[in-house]
Number of protein chains: 2
Amino acid sequence: MLNKNDIKLIRSLRLKKYRQKYNKFIVEGEKIIIEALKIESTNIDSLYCTNEFYQENRALVNKKLSNVNIITDKELKQISNLKTANSALALVKIMGNTGTDNLKDAELILYLDDIMDPGNMGTIIRSCDWFGVDALVVSPNSVDIFNPKVIQSSMGSIFRLDIFRYDFGQLQKLLNDKVTYYGTKLEGENIQNITYDFPAVIVIGNESHGISAEISSKTGYNITIPNYNKSTESLNAAIATSIVLYDVKNKLD
Amino acid sequence: MLNKNDIKLIRSLRLKKYRQKYNKFIVEGEKIIIEALKIESTNIDSLYCTNEFYQENRALVNKKLSNVNIITDKELKQISNLKTANSALALVKIMGNTGTDNLKDAELILYLDDIMDPGNMGTIIRSCDWFGVDALVVSPNSVDIFNPKVIQSSMGSIFRLDIFRYDFGQLQKLLNDKVTYYGTKLEGENIQNITYDFPAVIVIGNESHGISAEISSKTGYNITIPNYNKSTESLNAAIATSIVLYDVKNKLD
């Protein structure tokens, strides 16, 4: 059963201010919720699911949490953000990152300078997870990583990646001066000629404006992915990020 | 001025069946419309824009078309698909591709086996353009390339890329048997060890199910992007596509 207060709370979590107020975010969809149930460190506050979902994942659900609400498809529709509501929705506690020690020890860090599109943010989180990035740091103006669209497109990687929110100056102060900063730009060094020194911070700019002038002056190297068709203006930000991460790992192998 | 019939027509073009009926699709946003105006081969049927947009792009607009409708912000809102309506919306005629001769002569072809997400499709089109893919072939079940979300995320590349819709069997019949087919799979050969023979067809599978079993049996090589974190399940389809295209071009350089 779903009561009015549940509906009100869950719907409110679509907005950042309520996610911050209640310290919770929404996770939807069978696959990603099963992921969340399996990962020890995720703190699932409550689960709203169909009886079918519950019966199929009973052992996993009961092991992880006590607050399970069996609801109908119709009720799920009332709280879902998805066009076609799935079989489960969970509220997960925002736990924060593992602390700056892990950031200081990281070999490969990705810094996002004002990534605004939630789909891009989620896809970047997924790629970071795939390529084994040690820590993701997002600028304060970047889209909220707990935005439902970010969560959906991260495909469970949101639960596995260490994510921090700092401005670039704060990050630089936290890290020692042996770190090398690599910007990604339309006019930089061809990525094919880049060799990476570690610890490395890869900096990705905003979808429309690229890396801000202030940060630009602080990156030691600027990487460019060659354009094989001069009429195109740019690559999607998540695509450019993932190609650079692939290149870093490829050259390490 | 916007009349009721205009509104009805434009709104109907959100659906594939009406795009096919009227042979037109919607393009929205200042940047992409300016692109469309500049490209000789795009056939813009009509433009709906604010007076500000018109004054700023007068020369370009008048050179390209006569059917210009100056409308208010409020009117634009009535026909826009975007959350925040922009300053212009155009209806563009579906012109089809350049014919199979160009497909037969292509050195690098990308085949999409049931890509369903419009954002992925648009981003893949954008990457094809950037990396100079000669032709994109989409399976009949793939999302319609004239879907408004595809158009938005293609960022103008939709006007520059040669796109065909064939099933894999039809494509094979069209191409000669000197073509090499490369599938992308989770269990294939490490991409680092792949050398490409041309003409090459790169095959990308559906977001959830990968490449269909039928097509799978027909690809000569299977490419895998190494996973540096065994807990992740997969990369986003547009990301995987773009990394493979980058790799193809990188190895040619």
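Me: Is H12(A) mostly enclosed or open, and how many of its residues are buried?
Reply: Buried means under 20% relative accessible area, exposed over 50%, and partly exposed in between, with a 1.4 Å probe and protein chains only. Helices (H or I, at least four residues) and strands (E, at least two) are DSSP runs, numbered from the N terminus. H12(A) is largely enclosed by the rest of the structure, because its buried residues number 13 of the 16.

Me: Before we go on, what kind of model is this, and how are things numbered?
Reply: Residues are numbered from 1 along each chain as its sequence is written, while chains are lettered from A and ligands numbered from 1 in the order in which they are written. Side-chain values use heavy atoms, leaving out hydrogens and water, local features need pLDDT of at least 70, side-chain atom pairs count only at pLDDT 80 or more, and totals for chains, interfaces and linings use all residues, the model being predicted.

Me: Which residue caps the N-terminal end of H12(A)?
Reply: Look for a side-chain oxygen that lies 2.7 Å from the backbone nitrogen of Ala238(A). The residue that supplies this oxygen is Asn236(A).

Me: What area is buried between chain B and chain A?
Reply: Buried area is the accessible area (1.4 Å probe) that two parts lose on being put together, summed over both. Carbon and sulfur atoms give 56% of the total here. That total is about 3400 Å².

Me: Which residues of chain B lose the most area to chain A?
Reply: Three residues together account for 25% of what that side buries. They are Trp130(B), Tyr228(B) and Tyr246(B).

Me: Which element gives the largest share of the side of chain B that touches chain A?
Reply: Helices H3 (30-38), H8 (118-130) and H12 (237-252) of chain B each give two or more residues to that side. The largest share is eight residues, and it comes from H12(B).

Me: Is Ser80(B) buried or exposed?
Reply: Ser80(B) sits in the loop between helix H6 (73-79) and strand E4 (88-93) of chain B. Its relative accessible area is 9%, so Ser80(B) is buried.

Me: What is omega for the peptide bond between Phe198(A) and Pro199(A)?
Reply: Pro199(A) is in the loop between strand E8 (180-190) and strand E9 (200-204) of chain A. The bond that joins Phe198(A) to Pro199(A) is cis, with omega about 0 degrees.

Conventions: Polar contact = N/O pair within 3.5 Å; in protein donor to acceptor, adjacent residues only side chain to side chain.
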